[in-house]
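Take a look at the structure, and then let's walk through it by topic.

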Amino acid sequence: MPEYDTVIVGGGLSGLSCARRLYEAGVSCVVLEKQPVVGGRVQTDVVNGFLLDRGFQVFLTSYPEARRQLDYDRLQLCKFEPGALIRYQGRFRRFSDPWRRPGHLLGTVAAPVASLADKIRMVLLRNDVCRKSIDQLQQRPEVSTAMALRLRGFSPRVIEAFFRPFLGGVFLDNSLETSSRMFEFVFRMFSLGAAALPAQGMGSIAAQMAAALPDAMVQCGVCVETVKSDHIVCDNGRVITARNVVMAVDEASVAGLVCSKPVNGWRGTTCVYYAASAPPVEEPTLVINGESDGLVNNLCVPSQVSGTYAPEGKSLISVTVLGIPAAEDAILDQQIRSQLVGWFGKQVQEWEPLRTYRIPAALPFQKAGSLTPVEKSVVNEQGLFCCGDYLDTASIQGALASGQRAGQAVLDRLGH
Ligand SMILES: Cc1cc2nc3c(=O)[nH]c(=O)nc-3n(C[C@H](O)[C@H](O)[C@H](O)COP(=O)(O)OP(=O)(O)OC[C@H]3O[C@@H](n4cnc5c(N)ncnc54)[C@H](O)[C@@H]3O)c2cc1C
């Protein structure tokens, strides 16, 4: 008699979402996570009273699967100001969302980052992606994001000063070779909701999901070494039998477990956190680098979004660099400061480095052509179940949605 109906390998958001689906259907299952805590790529460390998300990331309130599964009130979501400040031609230019901030309309219309024609195209883009359903958007022909922007008639100026740094920061792909399906999905999500941080850090999203499951259902610190269709073997030799096994791990880890070949590469990022006695920008907004030079892609002050991110009287500054720079931390710190002194003046020299996160495996690279179809099968060629963001849009939404699909596929096989 197998110990469980289902074993889920991996306690990231996709694995927790799958477990929730099965638990709600009354199926006995266990989640095995190799790290000491659940969350996978969505984690928060507490360092000297600062909340440091492992790599700068934001939660988009419009994610449909997150709306279904998460209790937003308990997460105490704190919202970013819509739009962004763009560093362009030596000054900060406001790029606002006139629907949500009508008072900023004039400033946005006058911003030199984009021509009037670009601003009209932006309105058309917003209308287009908001009027269509996600399903309809995901059926459209796929081209690169760079090509999609050109086909929509955007000028090289607005592509270089706004779209490349903004979307490059979202996809961790400055080349904008990422699929246009991902671009339209992301633009729709930003248009329909807010970018936010939970008061206790991004890691609290996974913590909330795990808390909805019985304690014994989630076992951390358990690394699985071998996966077969009816059992798994842990690195300490423990064998757990089950009717079904779900691999809720990233694609490279799937390859290690069942000798398959990963299809997608990775996009990496580096996040450097600083403590300061005063915020360099007062607004809870994202500051993006529209100047096409320097290492910094974007900067924000999470403690201006939610005061819980820093101790009383202190500010937390997050600086994101795309990819993994060759320079060691001390040199990278100098390079970042010399760029940001030009933005904020001498105060930058007073900032105290807190921690540097280098994350080579941050997001699956979803190049144009790889998102057909967007919702990939959750049963692999060996008949094993799998879920993860690489099988959907590479995002929190995609991880949660793929977990639900894998849970449903297990239920179908069990005849529920
Ligand atoms: C720096 C960064 C910024 C991001 N920014 C955003 C953002 O702003 N908005 C957004 O929506 N998304 C963002 N993302 C993406 C989002 O975090 C991921 O899409 C999502 O968390 C993926 O969840 P997952 O369950 O598919 O995979 P993972 O989180 O990778 O979970 C897989 C789990 O499996 C475990 N595991 C692996 N092998 C084994 C094994 N052998 N035994 C047991 N356990 C194992 C791992 O430890 C891990 O916990 C960002 C990601 C990063 C890293």
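How many residues of domain 1 are in contact with domain 3? Four residues of domain 1 are in contact with six residues of domain 3, where contact requires C-beta atoms, placed from the backbone, within 7 Å. Please keep in mind that this is a predicted model: local features need pLDDT of at least 70, side-chain atom pairs count only at pLDDT 80 or more, and totals for chains, interfaces and linings use all residues. Residues are numbered from 1 along each chain as its sequence is written.

**Domains**
- The protein chain is assigned domain 1 (4-42 + 202-263 + 371-414), domain 2 (44-55 + 266-364) and domain 3 (96-193), with bounds from an automatic or database domain assignment.
- Taken over C-alpha atoms, the centres of domain 1 and domain 3 are 33 Å apart.

**Ligand shell**
- Among the 33 residues around the ligand, Gly-10, Gly-12, Gly-40, Gly-55 and Gln-57 come nearest; a residue counts as near if its C-beta atom, placed from the backbone, lies within 6 Å.
- Domain 1 and domain 2 each give at least three residues to this shell.
- By residue class, the shell has 15 nonpolar, 13 polar and five charged members (nonpolar: Ala, Val, Leu, Ile, Met, Phe, Trp, Tyr, Cys and Pro; charged: Asp, Glu, Lys and Arg; polar: the others, Gly among them).

**A helix pair**
- Leu-125, Arg-126, Val-129 and Cys-130 in α5 meet Glu-184, Phe-187, Arg-188, Ser-191 and Leu-192 in α9.
- The residues of this contact of α5 with α9 are five nonpolar, one polar and three charged.

Definitions and conventions. Contact = placed C-beta atoms within 7 Å. Helix = DSSP H or I, 4+ residues; strand = E, 2+ residues; numbered from the N terminus.
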